[in-house]
Amino acid sequence: QIGPPAERLEGQSSDYHKRGSDMTVCLGNGEVKSCAVVKYSAAPPPTTYALLQEKTDLKLPPANWLRENPQLGSAGTTVLGSSSKSKPFSSFGMAYDFIDCIGDDVDVVSDSENIKKLLKIPYSKSHVSMAVHRVGRTLLLDELDTQELLRRSSQTGDWTWLKEIYQRLIDQKWQRKKKSKEHWYQKAILSKFLYYSINGDGAAEPVTEDMIEEDEENGAEEYSSSWPATFTSAMSEAEEADTPKRGLRNDFVRNIMWTFEDIHMLVGSNMPIFGGGRYPAVSLRLRDSNKPINILTGIDYWLDNLMCNVPELVMCFHVNGIVQKYEMIKTEDIPHLENSNFSTRVVKDIAQNILSFLKSNCTKEGHTYWLFKASGSDIVKLYDLTTLCEEAEEEKYQNPFTLPVAVLLYRVASNLMLKASQNRKHYGKIRTLLLNCLLASRNPTPPLIIIASAYYMLSELFQLDELPDEDGGESLRAGGSEDSYSDEDREEEGDDDDLTEDGEDMGSYGNRSRPQDDSKAVAVIRSVGELSVPEKYKSTHQIRPSCAFPVSQDKEERCRHVLSYVLKGLKAVDGCIKKESDLPAADPNTPIPLKYEDGGANAASEKGQADQKHPTRSGMIPGSWQHRMKLQLFLKASKAYYVLSDAATNLLKYGRALRYIKLSLQCYDAYCSVSETLHPHLLQFHSQCLSLCGDIQLMLAQNASNRAAYLEEYSYQTKEDQEILHSLHRESSCQGFMATDLAMDPEYQLFVSCRCYEAAHEMLTTEVLKDQSSDQLSQVLKRLGNIRNEMGVYYMNQAAAMQTEKQVKKSVSAAEQDLWKKSFSFFEKGMKDFEAIRDSTNTALLLCNTGRLMRICAQAHCPACADESRGEFSPDEALYYNKAVDYYLQALRALGSRKSHPAVWDSVNWELSTTYFTLATLLQDYAPLSRKAQEQIEREVTDAMMKSLKYCDLQTESARQPLYQYRAATIHHRLASMYHSCFRNQVGDEHLRKQHRSLAELHYSKAVSLFLSLKDAPCELLRTLLERVAFTEFTMTGQSSSVAKLKSLIGAMEIMSETRHAFQLIQKELLEEQEEVSKKLEIPLQVAHSDHILLLTEVLKLIGVFEPSFSFLLLQVIKLMTTTKRKPSNKDEDMLKNYKAVYSKLLRAEKDAPLLSRVELYIELLQQLTP
């Protein structure tokens, strides 16, 4: 037994193993820049390597050979010398682990072996076969070992599609060639050397040829078994957690972020690194002394050390497996070794050209590209395998990269989605990634979980609650762009190099049978020599049109996009839910487990879990990915329909709005039927839906005239809506939505609206939401107060209409009283709602409406006599009018002052004044003399009139100012008439008579003044003046002195002359009416105006009083002035003459003259009397 003694070199401790170590190595006198940062390392800290003694026989295996060792990692576990587990998908494993880097920060993700192979293309005649995938700006490179794949295809039938494409495009007469024994021998020697280097005390064992053959087979089996066979099959729920990682593990000992010049690469490396020497890290290499190092080997060693930040190389030379000597070489000296001299600048140019070539031509995300160079050929071709598979249209042409690519695109998009909340410019990029993910997922057995998730994420990109602002809009339109590369003109130049890599055999890849067909290639490098020319291939940065995110200002369009994606997502989920009928039949050879067979604690717990997780209506298991995805999709659809409903409400399309809110509530119902718990924010959203439904029903009730149009809108349904509803019905009955029915009865619609608000209010006042939704609760209370006001007004108007329709005045019916109670109850509840949110304005409005209800009640209690005439003012009337006054006063107190809300204040003020005026008028016109004394009634009338006058706002300029003036004038006129009557009827108390006389004079003068300012109340002015003249005449009867009588008559005549203003207004109205009549005569069948008839009747009645009164006054004045004893002055004589002339004309006037002529005569006579 020969055991090679070992010596350990003393070296300083190393901190190389620390993650994130960053060391920049500049080599070749600054010719190239290289920086490597270890992102992850599974290896322990480098230990000092064992220096083997001279004459050590490496053909003898050490005792620890092929045993797993953390120092060597996967490099020593097989005689192949490197890990083969992750070859076809190694870049995907790394991409999943460093998802943040994918798409933008990194240019290339690959195994370090693939990078080296690419950079050696111009120097090597060896074959190159790699799969290339693009994700954003990142290219994923994986070895596509056609030899091994085609061998496997022959054995198992897998990868048949690649074999057929290979035979069609590359080599029609493909035959597999085994690797030589020399190849496996060299691999075994290297493996033993590495094991000796970590353990110099192991026992050596002879290695037979059988062992090498066995190792070869083991290597092949290990290689073939690493291929994920289930990539194209649908995913089961149990595997969901690791779906993206199945068969795609990151098996590299270390992952390194390597920046080579301006190229950023994420590389995986398994190179064993040892400590020792002057540097903290060295790499070990074994060389046959009989074979000099060539350029390919030198580049290989140099790139390995650059990628792993290893500053020194330790070379062990051997002859036929016998150790000769060690030599230490600095990394920067490797390019200058004898027989291995190469330019680092040229290697840099090769790297830049290859990257530009690939980025210019591998432009489609989700596609699998194949970079291929045959052995001994100078031509490099790039094929689009995805397109070639699609052209074949056969199931056997299934690309196994489809799922890993789709999963990676989805995960990059998902990762970006987390950042999108801070920066919405990612939206275009996310959308492109997801659409390409969906395109990549198209195969006979698509990965439904990825498809459903992608559609849901696409729906999430559309913001439903707000329109993008200007900056956001620009970033969405222009942002999210990715590079699309195009190569420049390619010149056919290059140089030949006959070098091949150590141990590679080329015969099996050569193609001499026929010229290759270039028509199927996406791009071709005609000569590998072109890659050495600086900047031969350039990449241009162009924005892809597909990356611009479609920003729409139209809410409906955005919601339709969302619903389209939701529907596709639901279809994907529904497509993979197994119904009972889809389950496989029971196997008669498999025994059915009985309950008593496994009665332990585990069985009990499993039973408990089974009881808790009952399948949903469609067969989903709670907690499964289908269950979670459906919840998200249902909720998204509900929110989209809510936004559509809100938008339709703003457009006054209430039928459409009701249809959308119905769909929203149906989606929410389906969500609730499959959800185990409801989060508070979902309850808040449900409350919002109910509030909106209440708004719509209220609007429908208020716009009953358009009911036919609303019904048509409500009945219409798109195919998309029908399909979503069909999916909802798989989980929920979606029945019993009374709130979303389109009723024809306004009362029912108001009732439904009220119930919606009440339900929303109940939800927000639960313990869960009590402290979370104060703003929303205020809004709901406001709506609730409003709908209760609307219902109160509705029942109040119903009661008023019933009262109007009554033919005969009779006692109040039970139906009326019922309507009053309903109305009053709603007003009272509404006031409480508004008081709860301290809304004084709306509280005042409801108090005002309650006051109006009291007045309607008062009118209903109006007593009727046997002859159907109006009876005396009743106590019930007085009770309700006083209640009305109380409510109006409460309303004013609630407002506080006019400043708080002028419009509401003015409205309440007017109603209060009107109520006092009505009360006083009824007391005056239908005095309850059977119950009260005349004096008491007069006091009550005066009190009510003065209060009404108090609330007549004559100063504020508003639309009501003329009404206030008219009312004030009427009040003064009525009070004057009352005091006039008291003065006439009062006997005995002279002091009281004088008081009544002065009050009558005062109110007559104020009434005349106000009527004069109105310009549109000539009849009222004329009546007031005539009453005032009569009052003057009555005061004259108690005078005995002719001088006093004459003075009173002249005063009466002056009052009479003021009637000229009234007659002028009457004349104006008559002339206008005459013009209208003349116009109407030209158009037949015109009906006479009722207002004109009323005016004529009133004027004729007043003229009937005016003419005798005027004539009597003139006659009395003429008599007194003629019979006076004192000598008249010249002025008196002129007055007498004037009176006689006017009296003469008045007597000679034709009694049957037209009204207009008579009015004009009166104006002329009165004008003549005016001094």
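Visitor: How many helices and strands are there in the protein?

Guide: Helices (H or I, at least four residues) and strands (E, at least two) are DSSP runs, numbered from the N terminus. In this protein there are 35 helices and 18 strands. The model is a predicted one, in which local features need pLDDT of at least 70 and side-chain atom pairs count only at pLDDT 80 or more, while totals for chains, interfaces and linings use all residues. Residues are numbered from 1 along each chain as its sequence is written, and side-chain values use heavy atoms, with hydrogens and water left out.

Visitor: What percentage of the residues count as buried?

Guide: Buried means under 20% relative accessible area, exposed means over 50%, and partly exposed lies in between (1.4 Å probe, protein chains only). Here 53% of the 1171 residues count as buried.

Visitor: Is Asp 1016 buried or exposed, and where is its place?

Guide: With a relative accessible area of 55%, Asp 1016 is exposed. Asp 1016 sits in the loop between helix H29 (990–1014) and helix H30 (1018–1036). Asp 1016 and Leu 1065 are 49 residues apart in sequence, and their C-alpha atoms are 7.5 Å apart in space.

Visitor: Which residues touch the most other members of the largest nonpolar core?

Guide: A nonpolar core is a set of buried Ala, Val, Leu, Ile, Met, Phe, Trp, Tyr and Cys residues joined through side-chain atoms within 4.5 Å. In the largest one, of 126 residues, Trp 370 and Leu 408 touch the most other members. Helix H16 (residues 625–650) gives the largest share of this core, 13 residues. The core lies between domain 1 (48–172 + 250–391) and domain 2 (447–464 + 553–579 + 618–766), because both give residues to it; these domain bounds come from an automatic or database domain assignment.

Visitor: With which residues is Leu 408 in contact, leaving aside neighbours within four places in sequence?

Guide: Contact means heavy atoms within 4.5 Å. On that basis, Leu 408 is in contact with Phe 92, Ala 95, Tyr 96, Ile 99, Val 135 and Leu 140.

Visitor: What is the class of the residues in the lining of the largest cavity?

Guide: Ala, Val, Leu, Ile, Met, Phe, Trp, Tyr, Cys and Pro count as nonpolar, Asp, Glu, Lys and Arg as charged, and the others, Gly among them, as polar. On a 1 Å grid over the protein atoms alone, a cavity is a set of points where a 1.4 Å probe fits but cannot get out, and lining residues have an atom within 4 Å of a point. The lining of the largest cavity has twelve nonpolar, no polar and no charged residues, including Val 108, Met 265 and Ala 351. H8 supplies the largest share, four residues.

Methods. 1 Å grid on protein atoms, 1.4 Å probe; cavity = no way out; pocket = protein on both sides within 12 Å on 5 of 7 lines; lining within 4 Å.
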